[in-house]
Amino acid sequence: MLSLRSTSTRRLCHSAADSPLRPILQRLKSESDPDALFQLFQSNATNRLLVENRFAFRDAVSRLAAARRFDHIERLLEHQKTLPHARREGFLVRIITLYGRAGMTAHALRTFHHARARRTVKSFNAALKVLALSRNLHSVLDFLSLVPPRYDIQLDVFSVNIAIKAFCDLGKLQEAYLFMVESENKGIPPDVVTYTTLMNAFYKSKRWEIGNGLWNRMVLKGCVPTLPAFNVRVQFLVTARRAWDANKLMGLMEKLGVEPDEVTFNLVIKGFCVAGYLDMAKRVYSALHGKGGNPNAKIYQTMIHYLCKSRDFDVAYTMCKDSMRKNWFPDVNTICMLLEGLKGSGQIDKGIVIMTLVRKRVPPFASRYLASMQSALSRS
């Protein structure tokens, strides 16, 4: 009979023998200890399978940053910069981007300035994007004005779009607009991303006239709107309580060959609901089904909420049941409103069905929310 000691020893030896055979990427993915994760990377630093896998690096850096092990990130990426592939600008861009993901802006900029690879607008854009995330306006402006002439770099439309997004995020909309105009005068015409970013920012700040002017300018310049651009415009129309115009624009999208997505449908549905045209919201919802589309969680939430407000509890119940069976649950207030409505209209059995589905939610509702919903159904 084998002793426990000999069995345990054999098991350990077997595990040690199997360990090197496990694919390195699988081992990295399953490793949860930051120190062990770093050691795995270091011991495989020249493994081509690992070095060329940008997803493995991104995942590892994200996890190390979450653990606040910036020392490991620095040692890992600085070591990569000493290897032969660091002479490729594509790899330089990756290192800059990874430092940016970790929030290590100074390291990203130092990597750009001290690069062994030849710097072009690609690595410039990567560094500019990292700098934009720091939300430091003066640093962005200095980088844009001082760095291109220093390295003989010509900006492109991607550079312009990164800068404009940075200005908009900082609330500097006038600077963003002027930068677009100046860039166009220098031979870099704006593209649909430029216009979409600016329109979105101006519409959100309720400077609707400028947003409309940007839309007209984009069209007059022959810049064809894409789905994100149309959705920004639809969002504005809905916010401005112009649900019919939003619906008309969605129809135009289809004529131009731009297929509306769930965001478009949800915006138009919400627009009609808010404006009090629930029948039109139902028609748009049915049109989504008719096109073979499937409503997402937001569409269900919007429809169920406003159906309950209009006391159409039968349709709200059917939609809520369908949504919950997909593990998409409306917010607690909407569910309570539905349960109270079903109880008040003498449909307690339907309320029990909803509560049964509520209890099957994954992950489960907190106990206080369950108690609140049960109370809504039991309330006299």
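**Aromatic pairs in a predicted model**

Trainee: How many aromatic pairs does a search of the whole structure find?
Mentor: The model is predicted. The search covers the whole structure. The number of aromatic pairs found is 12.

Trainee: Take phenylalanine 112 and tyrosine 151. Is the pair stacked or edge-to-face?
Mentor: The ring centres are 5.5 Å apart, and the planes meet at 85 degrees. Planes over 60 degrees apart count as edge-to-face. So the pair of phenylalanine 112 and tyrosine 151 is edge-to-face.

Trainee: How many residues apart in sequence are the parts that this pair ties together?
Mentor: Phenylalanine 112 belongs to helix α8, residues 105-113. Tyrosine 151 belongs to helix α10, residues 137-151. The pair therefore ties together parts whose separation in sequence is 39 residues.

Trainee: Are phenylalanine 112 and tyrosine 151 buried or exposed?
Mentor: Buried means under 20% relative accessible area. Both phenylalanine 112 and tyrosine 151 are buried.
They also belong to a cluster linked by ring pairs. Its members are Phe112, Phe124, Phe143 and Tyr151.

Trainee: What angle lies between the planes of tryptophan 244 and tyrosine 277?
Mentor: These two form an aromatic pair, 5.3 Å centre to centre. The pair is edge-to-face. The angle between the planes is 70 degrees.

Trainee: Which residue lies over the face of phenylalanine 365?
Mentor: The residue lies 4.3 Å from that ring centre. It also lies over the face of phenylalanine 329, at 5.8 Å from the ring centre. It is arginine 361.

Technical notes:
Residues numbered from 1 in each chain as written. Predicted model: local features only at pLDDT ≥ 70, side-chain atom pairs only at ≥ 80, totals over all residues. Heavy atoms only, no water. Phe/Tyr/Trp six-rings, centres within 6.5 Å; stacked < 30°, edge-to-face > 60°. Helix = DSSP H or I, 4+ residues; strand = E, 2+ residues; numbered from the N terminus. Buried < 20%, exposed > 50% of the residue type's maximum accessible area, 1.4 Å probe, protein only. Lys NZ or Arg CZ within 6 Å of the ring centre and 35° of its normal.
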